[in-house]
Amino acid sequence: MNPLSRRRLMIFASAAFVIAATAIVTAWGFQLIGGYMPCPLCLEQRVPYYAGIPLTLLAVWLASVGRVTGARLLLFAFAVVMAYGLYLGTYQAGAEWGFWPGPTDCAGADTSTRDAGSLLQTLNQTRVVSCTEPALRVFGLSFAGWNALVSALLVLIGLVGALGGRERT
């Protein structure tokens with residue numbers, strides 16, 4: 001077993017972990033601190049991160065103990081999971097730009113309240129979140145657009161880590 005191969009896999013899996021964890025923490029930060037309520041499709045775009053992050057951690061561990069084949073398989077599985085996230089982000093970003101219709105049943109509302117006395121006030125202030133109207137654009141991209149870019153990067157990292165550059169001994 002080539003130590004360079006192990007180290008390379010650990011680097012790719014660690015990079016995938018850091019980028020994916022940063023993306024999901026950022027999404028939670030915009031929601032909890034910034035007050036940007038996610039639509040149902042936005043919430044679905046988080047699922048690949050929830051599934052993929054543990055795969056990257058397991059890949060790091062497997063590579064560290066010399067299980068190179070297992071680490072490669074996990075990085076490939078991570079790439080597949082993130083490809084689904086890329087699809088979701090692209091679909092929503094395209095719907096936001098009007099390239100294709102968005103889902104007809106995609107609207108959610110934050111109706112959480114702490115006490116029954118303020119329920120009517122909460123319902124009056126409820127803001128419905130649409131999947132086809134971006135809440136914010138940063139450098140021209142919505143949250144969905146940024147998710148598509150980050151997901152594409154993560155797919156690339158997973159595939160290169162799993163399939164590319166096998167060292168010869």
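Start by selecting helix H1 (3–32) and helix H2 (40–64), each of which supplies at least two residues of a nonpolar patch; helices here are DSSP runs of H or I with at least four residues, numbered from the N terminus. This is a predicted model, where local features need pLDDT of at least 70, side-chain atom pairs count only at pLDDT 80 or more, and totals for chains, interfaces and linings use all residues. Residues are numbered from 1 along each chain as its sequence is written, and side-chain values use heavy atoms, leaving out hydrogens and water.

Next, pick Trp28, Leu32, Ile33, Val47 and Tyr50: together they form the nonpolar patch on the surface, with about 560 Å² of accessible area. Patch residues have over 30% relative accessible area and no salt bridge, and nonpolar side chains are joined within 5 Å. Areas come from the Shrake-Rupley method with a 1.4 Å probe.

Zoom in on Leu32, found in helix H1. Is Leu32 buried or exposed? Leu32 is exposed (over 50% relative accessible area), because its value is 61%.

Now select Phe30, Tyr36 and Phe143, which ring pairs link into a cluster. Rings pair if their centres lie within 6.5 Å, and the count comes to six aromatic pairs.

Finish at Cys39, which is buried (under 20%) at a relative accessible area of 1%. Cys42 is in no disulfide (sulfur atoms within 2.5 Å); its nearest cysteine sulfur, that of Cys39, is 3.2 Å away.

Definitions and conventions
Phe/Tyr/Trp six-rings, centres within 6.5 Å; stacked < 30°, edge-to-face > 60°. Patch = residues over 30% accessible without salt bridge, like charges linked within 9 Å, V, L, I, M, F, W, Y side chains within 5 Å. Salt bridge = Lys/Arg side-chain N within 4 Å of Asp/Glu carboxyl O. Buried < 20%, exposed > 50% of the residue type's maximum accessible area, 1.4 Å probe, protein only.
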